[in-house]
Amino acid sequence: MQTVDSLVEKLDYLAVEQREVIRRAYYFAEEAHEGQYRRSGDPYIVHPLAVGKILADMHMDSQSVQAALLHDVIEDTH
């Protein structure tokens, strides 16, 4: 299963400070989705993390990866 550490490793093309902001976005999203699960039974955060990985593979900028991690927070959390 993908982890925030494996995502951050893929972001070696970004500055350390940008990777830390992405890590903070991940932890914010993870906390916001606490207790939410997908139909598969996986924690909800696996989807935003997978989207972040896709954008990292495309060498997208820091803001885009942050948006990937946070995109469901507005829709699916309080």
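**Exercise 1. The core**

How many residues does the largest nonpolar core have, and which of them have the most contacts inside it?

*Solution.* Work on the predicted model. Start with the count: the largest nonpolar core has 17 residues. Next, list those with the most contacts inside it: Leu7, Leu11, Ile22, Tyr26, Leu49, Val65 and Leu69. Then assign the core to helices. H1 (4–10), H2 (16–32), H3 (46–57) and H4 (62–70) each supply at least two residues. H2 gives the most, with four residues. For context, nonpolar side chains tend to be buried together in soluble globular proteins.

**Exercise 2. The buried face of H4**

Find the buried residues of H4 and work out how they are arranged around the helix axis.

*Solution.* Pick out the buried positions first: Ser62, Val65, Gln66, Ala68 and Leu69. Look down the axis of H4. These residues fall within an arc of 155°, so they line one face of the helix. Now ask what they meet: the buried residues of H4 pack against H1, H2 and H3. Take Val65 as a case. Beyond its neighbours within four places in sequence, Val65 is in contact with Leu7, Leu11, Ile22, Gly52, Leu55, Ala56 and Met60.

**Exercise 3. H4 and its partners H3 and H2**

Classify the packing of H4 against H3, then against H2.

*Solution.* Take H3 first. The axes of H3 and H4 come within 7 Å and cross at roughly 160°. An angle over 145 degrees counts as roughly antiparallel, and H3 and H4 are therefore roughly antiparallel to each other. The crossing of H3 and H4 is right-handed. On the H3 side, Pro48, Leu49, Val51, Gly52, Leu55 and Ala56 make the contact; on the H4 side, Ser64, Val65, Ala68 and Leu69 do.

Turn to H2. The axes of H2 and H4 come within 9 Å and cross at roughly 10°. That makes H2 roughly parallel to H4. H2 contributes Gln18, Val21, Ile22, Ala25, Tyr26, Phe28 and Ala29 to the contact, and H4 contributes Ser62, Val65, Gln66, Leu69 and Leu70.

**Exercise 4. Arg19**

Is Arg19 buried or exposed?

*Solution.* Locate the residue: Arg19 is in helix H2. Read its relative accessibility, 17%. The cut-off for buried is under 20%, so Arg19 counts as buried. Now list its contacts. Not counting residues up to four places away in sequence, Arg19 touches Val8, Leu11, Asp12 and Leu14. Finally, compare chain and space: Arg19 and Gln66 are 47 residues apart along the chain, and their C-alpha atoms are separated by 9.6 Å.

Notes
Residues numbered from 1 in each chain as written. Predicted model: local features only at pLDDT ≥ 70, side-chain atom pairs only at ≥ 80, totals over all residues. Heavy atoms only, no water. Core = buried A, V, L, I, M, F, W, Y, C linked by side-chain atoms within 4.5 Å. Buried < 20%, exposed > 50% of the residue type's maximum accessible area, 1.4 Å probe, protein only. Contact = heavy atoms within 4.5 Å. Arc of directions from axis to C-beta. Axes fitted to C-alpha atoms, helices over the stretch in contact; angles between N-to-C directions. Parallel < 35°, antiparallel > 145°, perpendicular 65-115°, else oblique. Left-handed = near helix turned anticlockwise from the far one by under 90°.
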